[in-house]
Amino acid sequence: MNQWRLRNTMLLRFPFRVHVPLDRKWLRPSCPVSQLKLSHRQLKTDSSCNAPKAPAKSKDSDSLLNGTNAIYIEELYSKWKANPKSVDPSWDAFFSGKPRLVSTKPSETSKRKHRRPPMESSSARVKSRSALSTRDISTTNPTTSAAAAAPAMDWKNIDDHMTVQAIIRAYQTRGHLAADLDPLGIVQPLGTTSVDGTKRNATEAVLRQHYSYVFNDLNAAFKLPSSTLIGGNEQFLPLKEILDRLERIYCGHIGVEYMQITSLNKTNWIRERFEKPGAIEFRPDEKRLILERLTRSTGFENFLAKKFTSEKRFGLEGCDIMIPILKEIIDRSTTLGVESVMIGMAHRGRLNVLANICRKPISDILGQFHGLKATDSGSGDVKYHLGLYMERLNRVTNKNVRITVVANPSHLEYVNPVVLGKARAEMYQRGDTTGCKVLPIIIHGDASFCGQGVVYESLHLSDLPNYTTHGTIHVVSNNQVGFTTDPRFSRSSRYCTDVARVVNAPIFHVNSDDPEACIHCARVSTDYRAKFHKDVVIDIVGYRRNGHNEADEPMFTQPLMYQRIRKLKTCMTLYSEKLIKEGVITAADYKAMIEKYDKICEDAWQESTKLSTMKYSSWIDSPWTAFFQGRDRLKMCPTGVSLDTLKNIGEVYSSPPPKEHKFEVHKGILRILALRRKLVESKLADWSLGEAFAFGTLVKDGIHVRLSGQDVERGTFSHRHHVLHHQTRDKVRYNSIEHLYPDQAEYSVSNSSLSECAVLGFEHGYSMANPNSVVIWEGQFGDFCNTAQCIIDTFIASGETKWVRQSGLVMLLPHSLEGMGPEHSSGRIERFLQMSDDDPDVFPDTCDCDFVARQLMDINWIVTNISTPANIFHALRRQVAMGFRKPLINFSPKSLLRHPLARSPFRDFNECSEFKRIIPDSKTAEKADCVTKLVFCTGKVYYDLFKEREDHEQDETVALVRIEQICPFPYDLIMKEIELYKSAELIWVQEEHKNQGCWSYIQPRFDTALIKKENETRCISYIGRKPNSAPATGNKVQFKTEYKAFMTALFGEMTEANKQRIERIVKDQQAKAKAATKAGKAELDAATKRSEHSLKHGKVPKPGKGAPSKDAPPKGAAGKPDGKPKDPKKK
């Protein structure tokens, strides 16, 4: 029988929707055609055999027959095939395809729903079934004179089985809605009392249209479908036992929310962990261990409350079970092979985690309450924000494990992407491609988990190839209140965890006063993450015994809730009473547990009173001990490289993929590669080549380079094109920088999701893991970083000061005013300079031989506005050449990416070259006495000034000095320029508005430098746009007017002679351009043909020749050209 025919037959024979998979093999060989055309639900009214539409169903209605029931029918068919008498005669008639009578006479039963009323009488049932089985079709099709007889089937029995299956499905899908999760009893399942006197939690909201069925005969036995495991080895159970087991599993102290998962394999796996009889069982020794851990968790908070009654500590009371849950996750994970655990969390419960999870000496934690003086540099942070890094032996598994608690600010949830990035980086270092060795755990608050957008952004990184951590375990400490706000006012969703449904994560809601249920959820979550490498959520529904902090009065805002809380026993007390009643422990055992831990805390207290000082560095979460050991931090390694290295990288970077790749490149890309090759031959580098030289030389030196951000593979302004895409095959890519040297380090470039906050936090965390890497985040536009301002302010700018944690993260922020409107112009450089921690009123010791390195080491970050390819090359290489690590904030160009003047000769990259903090004016230096205006500027505006100076013919009277490194301020080089131009007026020119840009930062530092110089009467003056609340205008006319105004303020009005001279120059340029266009096009076509030839044959011909080179191409390169490159001067 054809697969489609079986599906249609099922649809015809049952008056409700049937899902029959089309890949079933249990199809009988033949079936009467008449049976496919006629039934009591489908009437042949004409030759086209149009079927009437099915009656509309309620949105909340469940289908009685789904894919699960099809499996049940399949089992029946297998039995029938072996022995037709082994099944009910009705099924024998069905599978054998016997004809049945069909009538078109309308009946009342044809209009009713497929599910009968629960208490329908037997006579009514017989009448309705008789009417349903006998329909006359003569009125519909006059040509049909006879109808087939309907088989005698026990339709009631079938309907009852289908209903029971739908009830099972309802419990699996919606049972969590009626689970007993609230330890306070405020939000309780309503429940109903069944006919047997048993109270059950599942209400009509769970069972929907099948709710009334549970009041029927509860002793009737039913065969269990394969979609449930509640029977264990039993195939038949009474309805009462079915309901009781489903209640215990899905409506008890655990609410299992998993049916939103689209993978049948995952749902079956979870079902097995909860439905199988005996799934939640603990040995006496396991129960005792849970109580011991619970005693430590509660005892620690009780001890702090006794010693520091009014001190803020953000205790864990009410969710004490979180500590045993975390310990169970770590124990089970280390058994499964995890070697490193990354924990990110907010302030609540942090001290408890440090003491009982990381095993930080309790005396050190108590010392934080005494207010000790720090002996190392930094400003420190409050005790409940501190991080930690510990390697210890896990006593349960007898394996070593590294536990890191990442320091975090008060901004809840913003540590999430930082933890993920750090975990991903450690996976890279360990060669862990599946997440089997590194486990990230993030602890959330209920209000912040559903309220903070960074949670959603971070979750969406979970399955991205270059950002996944192969599963994160999320633990929600659900206090059922956010500060003073009730859930009904803080979220629109039912659960605070509903945001996790977007990534199909299973969610286990659990009552915090049931320790065994909580530990079972921890075990299932750990195993799920280890098996499927996906995110999973544990929602610990508890409460907060105190206010938001210990000094807060919660009765002001939640009086009824806290009246209940004050009457409630602790989880430790409740569980101890349970174990004493079960005979697992005695009351003396329980008392001994409490006294033992109290003594540990008292001893730690006595030891803490002897402490007089502390170190911030003892709370670091990323120590880098091996990196700093024996290193001279003030030593600066050279950043220049050899010419041969540049040539090799340039040739590979400007060549198409080799022949063996069989890679079809876009013709536009071939033209770009040809232009790159021309630059390499001319020994010139544009911005793209400058970046490529930096990345290529870094990976050659064994430095891992990671570039991330929106559209970074191509580049926002289409200048980079590091990743080439095959034009006729999907998912085929080529990155030439990955094929420079056989033993090079990894170069990773990846387009990110459209998120700044989470992705920047991720990259910051990635940079924290290993100092021997260069991690770069590029904004699509510079001002887009304002959506990540929290990460910038609380982690990148102040992380080292607060937590003694260094980072070498590089931020590339496209910045310049080019008439693109307010939101695509400024990278907000003034904000970064404002957060720089150098003192504008202190003139440093510029005579120190280590002045440059010391300046960099003492600052919190480096801010640059680089204008040449060579300088960006040196700046990126300097990030790993320093004996320490600092964030680099560079304001990247936009129009300069292709500006003909923004190019660097290869000599600026050689071994004798280095990063230029300022670039002096080489034209005016020899005739400094003739200069009347010394103009300091930074970034793209230099090229505007250069052009205007030429147009105004003031090359000898105006000197243009570029400040490439703005912070730390290059006092020594600025002083040299001021001394060189002794009589020149000092001017600062910027394209940004006066209240923005660098002016507010450089003005006081210029004043400090000028005051230091004896007999100096000059001061720095400002030329630029007027103050404005918007970064730039969106009106082109106004933009040009503003530009002309500040250029005129510097150079004056243009004379008639200047104008005539410019007109002549323009005409000459146009004539030359036409001639050059023809010649250039021919040359470019020839170069493109050479690239195509190399792509086809795997070799690169000599420039200007048609024959390919005889030299063998290097690995990953298309080839190497012979002969010397042409002299650009001769061209």
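Reader: In β12, which residue is the bridge partner of Gly 255?

Author: This is a predicted model. Strand β5 covers residues 254–257, and four bridges join β5 to strand β12, residues 507–511. The two strands run antiparallel, and Val 256 stands opposite Phe 508 in β12. For Gly 255, the bridge partner in β12 is His 509.

Reader: Are the faces of strand β5 covered or open, and which residues show this?

Author: On one side of β5 stand Ile 254 and Val 256, and on the other stand Gly 255 and Glu 257. Both faces are covered, as shown by the buried residues Ile 254, Val 256, Gly 255 and Glu 257.

Reader: Why does the distance between the end C-alpha atoms of helix α26 agree with its number of residues?

Author: Helix α26 has 13 residues, 757–769, and all of them, 13 of 13, are buried. At 1.5 Å a residue, α26 should therefore span 18 Å. This agrees with the separation of its end C-alpha atoms, which is 19 Å.

Reader: Is Leu 698 buried or exposed?

Author: Leu 698 lies in helix α25, residues 687–700. Leaving aside residues up to four places away in sequence, Leu 698 touches Ile 703, Val 705, Val 774, Leu 876, Arg 877 and Val 880. Because buried means under 20% relative accessible area, Leu 698, at 1% relative accessibility, counts as buried.

Reader: What distance separates the C-alpha atoms of Leu 698 and Gln 744?

Author: Along the chain, Leu 698 and Gln 744 are 46 residues apart.

Reader: Which residue has a side chain joined to that of Asn 865 by a polar contact?

Author: Asn 865 is found in the loop between β22 and α31, and at 5% relative accessibility it counts as buried. Not counting residues up to four places away in sequence, Asn 865 touches several residues, including His 815, Asn 890, Gly 939 and Glu 964. The polar contact, of 3.4 Å, joins the side chain of Asn 865 to that of Thr 938.

Reader: What share of the residues of the protein chain count as buried?

Author: The secondary structure of the chain comes to 36 helices and 30 strands. Among contacts with a separation of 6 or more, 79% are between residues 24 or more positions apart. Of the 1131 residues of the chain, the share that count as buried is 56%.

Terms used:
Residues are numbered from 1 along each chain as its sequence is written. This is a predicted model: local features need pLDDT of at least 70, side-chain atom pairs count only at pLDDT 80 or more; totals for chains, interfaces and linings use all residues. Side-chain values use heavy atoms; hydrogens and water are left out. The expected span of a helix is 1.5 Å times one less than its number of residues. Buried means under 20% relative accessible area, exposed over 50%, partly exposed in between (1.4 Å probe, protein chains only). A polar contact is a pair of N or O atoms within 3.5 Å; within protein, one must be able to donate a hydrogen and the other to accept it, and residues adjacent in sequence count only if both atoms are side-chain atoms. Contact means heavy atoms within 4.5 Å. Two strands pair if DSSP finds at least two bridges between them.
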